[in-house]
Number of protein chains: 2
Amino acid sequence: MRNFEFYNPVRVCFGKGEIAKLSKLIPKGANILLTYGGGSIKKNGVYDQVTAALKDFKVIEFSGIEANPHYETLMKGVALCKEHKIDFLLAVGGGSVLDGTKFIAAAALWEGSDPWEILSRRSEVHVEKALPIGTVLTLPATGSEMNGNSVVTRWETHDKLAFDSEHVMSVFSVLDPEVVFSLPQIQIANGIVDAFIHVMEQYLTFPVNAPIQDRFAESILITLIQEGHKVLADRTDYDTAANFMWAATMALNGLIGAGVPQDWATHTIGHELTAFHGIDHGQTLCIVLPGIMKLKRENKKEKILQYGERVWKIIEGTDDERIDATIQKTVEFFESVGIKTKLADYGVGSETIQKIVDRFEKRGVKAIGERGDITPRDVARILELQLK
Amino acid sequence: MRNFEFYNPVRVCFGKGEIAKLSKLIPKGANILLTYGGGSIKKNGVYDQVTAALKDFKVIEFSGIEANPHYETLMKGVALCKEHKIDFLLAVGGGSVLDGTKFIAAAALWEGSDPWEILSRRSEVHVEKALPIGTVLTLPATGSEMNGNSVVTRWETHDKLAFDSEHVMSVFSVLDPEVVFSLPQIQIANGIVDAFIHVMEQYLTFPVNAPIQDRFAESILITLIQEGHKVLADRTDYDTAANFMWAATMALNGLIGAGVPQDWATHTIGHELTAFHGIDHGQTLCIVLPGIMKLKRENKKEKILQYGERVWKIIEGTDDERIDATIQKTVEFFESVGIKTKLADYGVGSETIQKIVDRFEKRGVKAIGERGDITPRDVARILELQLK
């Protein structure tokens, strides 16, 4: 096991009816910016529960945070924070609203020349302070409710970039599984595969003798497979929704990634497919991961075999046959929840591949992945494997 | 799954060499009370590493915190805090030092009439503030390094009582697996079974459809079995020590117990065996748990069968046969790491049983366990099953 630091101070309030606790969770007298997306929270009753709990607070609303939240949009939220002397942000939504609110929280107190550098100069500058955030999660998927990660898109340049800071971790996150009851099927499916691939990014690398992390990762994968099919069959079963929700949170809260190598090439490549074609984040991951498993089958051999055995019970055949069967099972799982895994399924052809390679080269990306050996040329080969 | 709140803000710094980070982890200019036990940290090099890291701080030492820390001892630490205007406690030790330091931290700021009521009136009064604590763990076992629990013994009355508060959770905990290299065999064995039974208290109850919690619990049990035997065979293997250490921390940091029923009857009864006879905490647990599994085999049937199947691969036979085999495997595991499981092994006879029953009745304890159905009379039956 490698040395690590694990720190996750998010207070998780989990279960039905927990939204009512907001009035106690938010500091008395706070000036709140209530951030949300396109208004689905007004249809599913969450908005009413939240505003009822906030009746004794001064609340400014900031709606319209879109999927893959735009820097241009978020900067309007930053202006509202300054104008209204906001001292607490309450994010009510899924990963995009949460990620966008984290950026607002950091940008509002940013002392550098331009808040864009939080994203564009991530490796050089660091977020040292941010407005406090509370979260009411409406979509299990990204894990943003219990981590310090944020991904933001600059619309004018099609740049989709990330930053992370412990200062933007939520003070609290309310997770009420009943929000799942009214989600569209595609959002549930995207959430299942998003959480699944978050685990894979931290697990399907190379072994470093870390059995707790490995078995926790496999626990989440198995739960997502079992509960994923159940929640798609009946999204109003409370326990199933709760298990799906808790699995998605545990998939990316720092725990399974502590002390082990991490990959994240699937996300890095997937972000470009979203930036160029607007393909849903979860869908892009299901396109890219099988390509990486195929190209890096030797590099990842020990963990693919372990994953195949423990998660899919694949124990027969030669190593090569088991790896093939394991990749096949993974693809079948994505397809079984309704997510297609080839570029052609989304109308994307080979011309996009060169654009993505050019983008990586222009940014000076030498190589990605847990061994730092996936070059821009390898990115092209991974995407070519997934053309159709 | 039940509703739950999960909050664990302890910053874990894990790995060899991490003790050197103390100088950055403790607030600049802090007046530190350095708490430790009988001096083993002076033999294994930890004391030297700690004092080297603290060279720029004002440090008052408070040594002599004994196993099952005594209220009488700890109150001397409280006096030191007041005398020297201590504003940071650094606990260097195992569970006893950590638990004792938590009590000092709470008692130093206690505004009630007598700090003993933190323990004696646990259900009525609450710790609302405490001095900040940092921890350097020297013995993987209790999980105290990543929770807010503390158990303290009042020597004059043989009362061993507990309290818990998020205010006494460590600000940081340094976990350097190399401390295991010099531990006596019995302390390693006690640590393995202590962590194992912490998991069992939160797992071997009744099912509430919480697959993440169940599988995480089983992950820790399997790891403790595999790594436990390895660390006893070679305590200087770094990776094995690291896996043992991380398993023990994960066993009692709130995660696997979130949203599920919990038992804790084994601990409640075991504490009395320590209070009356000074038997090591881990040893008392290995005596009591098999008795509870035998008496409550019907109540705990579904989880015993699941535990037997997933942890011990027991899948043959009738339910009764599988339960017998599972209890047998559990006892064999405790014995295999060198911990005896019968009262006679420790020279304890039936006269102690009545004393324990009397004690529970005198305290007004009606019933314990996850269903609240283990009466003082049942406690007697449990201990009678474990006489010899």
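The contact between the two chains of this predicted model takes 32 residues from chain A and 32 residues from chain B, where two residues are in contact if their C-beta atoms, placed from the backbone, lie within 7 Å. On the side of chain B that touches chain A, strand 1 (4-14), helix 8 (211-233) and helix 9 (238-250) each supply at least two residues; helices (H or I, at least four residues) and strands (E, at least two) are DSSP runs, numbered from the N terminus. Strand 1 of chain B gives the most to this side, with ten residues. By class, the side of chain B that touches chain A holds 17 nonpolar, nine polar and six charged residues. Here Ala, Val, Leu, Ile, Met, Phe, Trp, Tyr, Cys and Pro count as nonpolar, Asp, Glu, Lys and Arg as charged, and the others, Gly among them, as polar.

Strand 1 also links the chains by pairing: strand 1 (residues 4-14) of chain A and strand 1 of chain B run in the antiparallel sense over seven bridges, and two strands pair if DSSP finds at least two bridges between them. A:Phe6, for instance, has B:Val12 as its bridge partner in strand 1 of chain B.

Residues are numbered from 1 along each chain as its sequence is written, with chains lettered from A and ligands numbered from 1 in the order in which they are written. Local features need pLDDT of at least 70 and side-chain atom pairs count only at pLDDT 80 or more, while totals for chains, interfaces and linings use all residues.

Turning to chain B, the 13 residues of helix 4 (residues 71-83) should span 18 Å at 1.5 Å a residue, and the end C-alpha atoms are 18 Å apart, which agrees; the expected span is 1.5 Å times one less than the number of residues. B:Tyr71, B:Leu74, B:Gly77, B:Val78 and B:Cys81 of this helix are buried, a residue being buried if 20 or more other C-beta atoms lie within 10 Å of its own, exposed if 12 or fewer, and partly exposed in between. Seen down the axis of helix 4 of chain B, the buried residues fall within an arc of 110 degrees, so they line one face of the helix; the arc is that of the directions from the helix axis to the C-beta atoms. Their cover includes strand 2 (31-35), strand 3 (58-62), helix 5 (95-108) and strand 6 (149-154) of chain B. On the other side of helix 4 of chain B, B:Glu72 and B:Glu83 are exposed.
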